[in-house]
Protein chains: 2
Amino acid sequence: MSQMQIVENALREMILGLEVGPGERLTERWIENRFGASRTPVRAALLRLETEGLICRDGRGWTVSPINLAELEQIAVYREAVEVAAVRLTSALTDRSAIEIIEAMLDSCDAATPREEWHRVGMDFHIELARLSGNEFLFRAVRDAMTRLSRARWLEVRDEAALGRAWSEHHAVLAAVRAGDADAAAARLSAHIVGSRDRLVTSLHNDRRGLRARGFAVVAV
Amino acid sequence: MSQMQIVENALREMILGLEVGPGERLTERWIENRFGASRTPVRAALLRLETEGLICRDGRGWTVSPINLAELEQIAVYREAVEVAAVRLTSALTDRSAIEIIEAMLDSCDAATPREEWHRVGMDFHIELARLSGNEFLFRAVRDAMTRLSRARWLEVRDEAALGRAWSEHHAVLAAVRAGDADAAAARLSAHIVGSRDRLVTSLHNDRRGLRARGFAVVAV
DNA sequence: GATACCAACTTGGTATCCCAAAATGGTATC
DNA sequence: GATACCATTTTGGGATACCAAGTTGGTATC
């Protein structure tokens with residue numbers, strides 16, 4: 001694997017894993033030393049991560065994108081549009097064998113499963129469902145939206161009750177898709193996304209003080 | 001303006017203007033000489049254009065993205081999802097003054113207007129309508145989709161009747177938006193996008209031989 | 001004439017060097 | 001003690017040198 005990809009992936013993991021806090025400054029030289037690569041691949045990786053929205057230019061330098069409440073709400077609207085379109089296509093599929101795989105993925109999480117895994121599976125549910133639509137652009141849009149939401153969703157995952165609600169909503173969507181009922185699937189997914197947004201915004205709002213204390217930049221509306 | 005942006009913009013114009021044909025190979029050294037920049041900004045520009053889908057990796061090198069029929073159809077589905085979501089938001093706006101600006105933009109095109117301008121205005125209609133929604137992600141999605149469609153739409157623009165149909169459909173959408181009728185606006189926009197896709201696919205199919213003769217790579221389904 | 005093989009060239013990937021501008025930190029002045 | 005000013009350092013943008021892998025073209029062999 002090329003140096004650029006190594007740096008890109010490692011840096012993405014650091015950002016998504018909150019090892020570098022939202023709002024933190026990044027210098028090309030620091031990354032260079034941190035990963036033992038030269039500036040050429042480092043800069044290529046930064047350009048990539050910028051298009052993913054994980055970092056942003058800060059004047060002449062780079063900053064880990066802050067968690068932006070207004071942006072999170074806009075993303076919810078955006079992902080509702082693309083996910084609903086995708087799930088309608090998926091509901092029309094004749095071959096529904098892949099649905100079982102997704103359901104099994106959901107069921108693989110139990111009380112013993114670490115939070116990190118719940119978090120990943122919760123995102124992959126949406127991504128894989130969109131992938132099934134067969135539309136590459138809807139798929140990418142959902143994947144990118146989930147990536148952008150990823151850091152904020154860490155907070156939601158700490159709420160046991162919210163997780164249970166989300167999981168049962170996931171199952172409800174899958175049931176409608178399996179039945180080929182596009183309208184029901186769309187309605188349930190839509191409700192899930194709106195509910196998910198509300199839970200996220202609420203817990204973010206409650207935790208803002210704590211986040212700032214940890215040095216995380218959280219931008220309000 | 002930085003060298004990178006100069007190279008990026010100039011190269012984008014060349015690609016969108018079909019000055020370099022779809023499927024054509026690009027070498028970093030050629031671009032370097034063509035624009036008098038060194039490889040650092042050239043590589044940065046290439047990485048950017050790759051994320052826009054205008055160029056793609058071809059093994060170890062770079063290629064101007066071919067015009068891909070299957071991809072165009074997928075983009076139509078994608079943009080229908082995001083544009084309809086955007087126009088619903090736009091229809092809910094109380095301040096509709098910006099609608100007049102868009103309408104004036106459409107009306108600025110007449111028989112004396114060069115085809116290039118018709119093409120640009122036709123794209124900007126959709127982009128600006130999405131921008132009015134106020135949702136940055138829907139806006140970017142529409143803009144990116146139109147960029148990806150841009151080269152193929154050059155072909156449609158040559159058809160006088162198709163242009164007239166498109167323009168009257170644009171006006172119909174605007175009328176519904178101005179009336180605040182989100183459902184009608186959504187339905188009309190949706191029909192326009194589907195019709196636009198059909199016209200595009202048809203004319204592309206008819207012209208494929210001519211395109212190949214000009215050295216353009218056109219990938220079928 | 002076909003083919004196997006090799007040398008020269010081309011190309012993208014990487015490292016490194018230089019530069020201008022901006023940030024930093026210390027110091028002199030009030 | 002606050003502040004204006006200047007030297008130093010740091011930083012990102014750009015240019016260039018080098019390398020390994022892949023391509024090409026020619027040549028020797030059969």
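**Sheets, DNA and the chain contact**

Mentor: The model is a predicted one. In chain A, strand 2 (residues 55-58) and strand 3 (residues 61-64) run antiparallel and are joined by four bridges.

Trainee: Which residue stands opposite Cys56(A) in strand 3 of chain A?
Mentor: Thr63(A) is the residue opposite Cys56(A).

Trainee: And how many residues lie between the strands in that hairpin of strand 2 and strand 3 of chain A?
Mentor: There are two residues between the strands, and Gly59(A) takes a positive phi near 70° in this hairpin.

Trainee: In what order do the strands of the open sheet in chain A come?
Mentor: The three strands follow the order 1-3-2, with antiparallel pairing. Strand 1 (25-26) and strand 2 of chain A are the edge strands, each pairing on one side only.

Trainee: How many bridges join strand 1 to strand 3 there, in chain A?
Mentor: Two bridges join them, and the two strands run antiparallel. Within strand 3 of chain A, Trp62(A) is the residue that stands opposite Leu26(A).

Trainee: What holds paired strands together in general?
Mentor: Strands of a sheet pair through backbone hydrogen bonds, in either a parallel or an antiparallel manner.

Trainee: Let us move to chain B. What is the strand order of its open sheet?
Mentor: Chain B has three strands in an open sheet, in the order 1-3-2, and their pairing is antiparallel. The edges are formed by strand 1 (25-26) and strand 2 (55-58) of chain B, each of which pairs on one side only.

Trainee: Which residue is the bridge partner of Arg25(B) in strand 3 of chain B?
Mentor: The partner of Arg25(B) is Thr63(B). Strand 1 of chain B pairs with strand 3 (residues 61-64) of chain B over two bridges, in the antiparallel sense.

Trainee: And how many bridges join strand 2 to strand 3 of chain B?
Mentor: Four bridges join this antiparallel pair in chain B.

Trainee: Where does helix 3 of chain B lie?
Mentor: Helix 3 of chain B lies across strand 2 and strand 3 of chain B, and runs at about 105° to strand 2 of chain B.

Trainee: New topic: the DNA. Which residues come closest to DNA strand C?
Mentor: DNA strand C is surrounded by 18 residues, and the closest are Gln3(A), Ser38(A), Arg29(B), Arg39(B) and Arg60(B). Of the atoms of DNA strand C that come within 4 Å of the protein, sugar and phosphate account for 45%.

Trainee: What lies 2.8 Å from the side chain of Thr40(A)?
Mentor: A base nitrogen of DNA strand C lies 2.8 Å from an N or O atom in that side chain of Thr40(A). An N or O atom in the side chain of Arg29(B) is 2.3 Å from a base nitrogen of DNA strand C. For Gln3(A), a polar backbone atom is 2.7 Å from a phosphate oxygen of DNA strand C.

Trainee: Which helix gives the most to the surface near DNA strand C?
Mentor: Helix 3 of chain A gives the most, with three residues. By type, the residues of the surface near DNA strand C are four nonpolar, six polar and eight charged.

Trainee: What about DNA strand D: which residues come nearest?
Mentor: Arg29(A), Arg60(A), Gln3(B), Ser38(B) and Thr40(B) come nearest, out of 19 residues around DNA strand D. A side-chain N or O atom of Ser38(B) is 2.7 Å from a phosphate oxygen of DNA strand D. A backbone N or O atom of Glu28(A) is 3.0 Å from a phosphate oxygen of DNA strand D.

Trainee: And which helix gives the most to the surface near DNA strand D?
Mentor: Helix 3 of chain B does, with three residues.

Trainee: Finally, how much area do chain A and chain B bury between them?
Mentor: They bury about 1900 Å² between them, with 65% of it on carbon and sulfur atoms. On the chain A side, Gln74(A), Tyr78(A) and Phe137(A) lose the most area to chain B, together 32% of what that side buries. The contact takes 25 residues from chain A and 25 residues from chain B.

How values were computed. Residues are numbered from 1 along each chain as its sequence is written. Chains are lettered from A and ligands numbered from 1 in the order in which they are written. This is a predicted model: local features need pLDDT of at least 70, side-chain atom pairs count only at pLDDT 80 or more; totals for chains, interfaces and linings use all residues. Side-chain values use heavy atoms; hydrogens and water are left out. A residue is near a molecule or strand if one of its heavy atoms lies within 4 Å of it. A polar contact is a pair of N or O atoms within 3.5 Å; within protein, one must be able to donate a hydrogen and the other to accept it, and residues adjacent in sequence count only if both atoms are side-chain atoms. Two strands pair if DSSP finds at least two bridges between them. Contact means heavy atoms within 4.5 Å. Axes are lines fitted to C-alpha atoms, for helices over the stretch in contact, and angles run from 0 to 180 degrees between N-to-C directions. Buried area is the accessible area (1.4 Å probe) that two parts lose on being put together, summed over both. Ala, Val, Leu, Ile, Met, Phe, Trp, Tyr, Cys and Pro count as nonpolar, Asp, Glu, Lys and Arg as charged, and the others, Gly among them, as polar.
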